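Me: I would like to go through some labels used for this structure and ask what each one rests on. Here is the entry.

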Amino acid sequence: MEAKALLAGRRAREECDSDVIERFEEACENAGAVQAEMLRRILVANHGTEYLCRWLGDVEVEGMDAGALESLYRSHVPLASHADFEPFIQRIADGDTSPVLTREPIQLLSLSSGTTDGRQKYVPFTRHSSQTTLQIFRIAAAYRSRVYPIGEGGRILEFIYSSKQSKTKGGLTAGTATTHYYSSEEFKIKQEKTNSFTCSPEEVISSGDHKQSTYCHLLLGLYFADRIEFITSTFAYSIVQAFRAFEDHWREICGDIRAGGLSPRITVEKTRQAVLGIVSPNPSLARRLEAACEELERKDWCGVIPKLWPKAKYVYSIMTGSMQHYLTKLRHYAGGLPLVSADYGSTESWIGVNVDPSLPLERVTFVVVPTFSYFEFIPLHRQKNRSSRKNGEAIDDDFVEDEPVSLSQVKVGQEYEIVLTTLTGLYRYRLGDVVEVAGFHKGTPKLNFICRRKLILTVNIDKNTEKDLQLVVERGSQLLRKAMGELVDFTSHADVSKPPGHYVIYWEIKGEVEEKVLGECCREMDASFEDHGYVVSRKCNSIGPLELCIVETGTFRKILDHFIGNGAALSQFKTPRCTSNQVLLSILNGCAIKRFYSTAYG
Ligand code: AMP
């Protein structure tokens with residue numbers, strides 16, 4: 001009887017997945033028309049708002065043909081950055097309920113990192129934001145289940161975290177987008193009506209203390225070990241940090257499973273009660289886990305995931321962009337288990353979905369979902385030998401731009417900056433991400449994420465993006481790995497405080513590594529920057545020797561704690577790959593233990 005019910009459940013799920021895929025494919029087929037209609041929907045919904053009236057006057061949009069409206073919009077409304085929206089969003093935060101950006105009053109504001117330098121910014125969050133989160137989850141899950149079918153009644157071990165929420169002056173709730181989603185109706189639907197039931201209750205996700213949440217996620221994940229179908233987090237960083245914590249706490253977790261208890265390190269009362277309401281003593285599971293962990297510890301935790309979660313079919317998370325650095329460690333923990341790269345989005349809007357989950361990570365692309373927002377693409381052309389600093393400040397534009405084009409007009413192989421028009425009141429908003437069109441999925445582009453647009457390392461004519469730095473650090477850390485060292489995390493800084501300016505790369509490492517090796521890593525990184533401006537400047541010493549600064553163990557945890565204290569959530573955390581933030585620099589320099597300079601160049 002039970003087997004029959006499971007079979008029926010599975011059939012219903014498969015039919016539902018096919019419907020989701022069919023609807024999505026249909027939207028992709030007609031992407032151009034769907035986009036024009038999407039824009040019409042946004043402009044009709046927000047007709048008469050202060051921002052739109054400023055540019056469109058009182059043009060009647062209701063009966064206008066979608067194509068004509070698209071031309072009118074693009075010729076009248078200017079491209080804008082977050083700074084242009086800031087005064088409007090500030091008024092909303094202060095309690096202005098007039099139709100400023102949207103006709104429906106905004107109730108929630110999201111904190112977006114959206115940047116590599118650690119500055120956070122507010123963007124509006126509405127019901128549509130959580131609806132699209134659920135939709136992209138369903139689309140991606142439908143494609144994944146074709147390759148890795150999920151058992152009925154399974155659970156997922158999900159390292160997710162709500163941030164602290166706060167109230168703005170006008171009484172609006174502010175928090176990260178993931179936090180708003182976890183407390184939305186849509187998250188409840190995901191929990192109850194899809195086959196992806198997170199094994200931690202809401203009280204664990206929202207404990208407000210990421211260390212306590214991580215401990216409980218691990219405990220419950222192990223308690224339900226035989227039912228876990230996959231392991232996931234929003235960004236790969238959270239999975240890596242959770243298993244680093246597991247290396248320290250596994251004995252205590254096994255003790256809790258044995259006794260059906262909970263460590264006194266969990267002090268948040270609602271979280272304690274919720275977890276204690278789930279776990280009951282299980283000495284045989286505890287014994288099995290302890291034996292496995294003792295063996296894993298001897299192997300430096302290689303393959304911990306498949307060993308402890310024998311039914312897990314894959315690990316699923318955003319692994320592209322600034323998350324690439326964590327892949328070595330993630331592969332180590334995952335043993336041979338497939339790593340599936342999750343989708344592409346931002347607090348401002350979801351953008352693209354990975355419809356090819358079996359592709360290797362280096363070939364992952366994101367298919368733009370034409371029903372989420374109205375997308376435009378600014379063609380970018382790289383430019384050499386132009387000063388990249390103005391009044392000592394790094395400037396963004398190492399690219400020359402053409403006029404923005406629509407989603408159907410993009411060209412394969414070309415790089416673009418993404419521009420969003422959203423139902424949440426952002427109009428022709430420059431997201432600041434650089435993507436490359438890898439091809440088309442029916443009528444909609446497939447994107448490669450390249451990097452954040454903003455230059456991160458620049459002293460004078462040199463121009464290095466986050467991706468350039470990532471490649472350089474990868475070259476340096478190959479030498480480190482040969483010497484049995486591990487790069488835990490890194491960041492950088494363009495030090496222009498005294499001439500000539502120079503780059504500082506901060507490394508936190510694990511393992512005993514000789515100074516000679518670290519000196520070689522430093523020289524290797526200096527020699528690995530391929531940017532013409534850097535090479536020329538280093539040769540004539542208008543950029544000084546690269547500095548490699550080794551920081552003590554736990555430095556990057558302090559940086560994480562600093563961000564979390566300022567309202568960021570672990571679910572969305574990305575280590576800034578370059579910083580000029582004085583607080584971060586003082587943490588880094590205060591934790592410096594050794595410095596190396598690459599004296600010989602070229
Ligand atoms: P936030 O709004 O703080 O969650 O940050 C959004 C930013 O994270 C995006 O603008 C991208 O720069 C980055 N991001 C999001 N998804 C991906 C992805 N799949 N691959 C690479 N970077 C991503």
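Reply: Buried means under 20% relative accessible area, exposed means over 50%, and partly exposed is in between (1.4 Å probe, protein chains only). This is a predicted model, in which local features need pLDDT of at least 70 and side-chain atom pairs count only at pLDDT 80 or more, while totals for chains, interfaces and linings use all residues. Residues are numbered from 1 along each chain as its sequence is written, and side-chain values use heavy atoms, with hydrogens and water left out.

Me: What makes K211 and D561 a salt bridge?

Reply: The term requires a side-chain nitrogen of Lys or Arg within 4 Å of a carboxyl oxygen of Asp or Glu. The N to O distance for K211 and D561 is 3.6 Å, so the pair qualifies. K211 is in helix α10 (residues 210-223) and D561 in helix α19 (residues 555-565), 350 residues apart; helices (H or I, at least four residues) and strands (E, at least two) are DSSP runs, numbered from the N terminus.

Me: How do you know that R127 and E186 form a salt bridge?

Reply: Their closest N and O atoms are 2.7 Å apart, so the pair meets the cut-off. This pair links helix α6 (residues 127-147), which holds R127, to helix α8 (residues 185-193), which holds E186, across 59 residues. E186 has a relative accessible area of 4% and is therefore buried.

Me: Why are both E486 and K329 called buried?

Reply: E486 has 18% relative accessibility and K329 has a relative accessible area of 8%, so each is under the limit for buried. Their side chains meet in a salt bridge at 3.1 Å, N to O. E486 lies in strand β21 (residues 486-495) and K329 in helix α15 (residues 327-334), so parts that are 157 residues apart in sequence are tied together.

Me: How many salt bridges does the structure hold, and which residues are linked in a network of them?

Reply: The structure holds 30. E401, E417, R430 and R453 are linked in a network.

Me: Why is T347 called buried?

Reply: T347 has a relative accessible area of 12%, so the label applies. T347 sits in the loop between β10 (344-345) and β11 (350-353).
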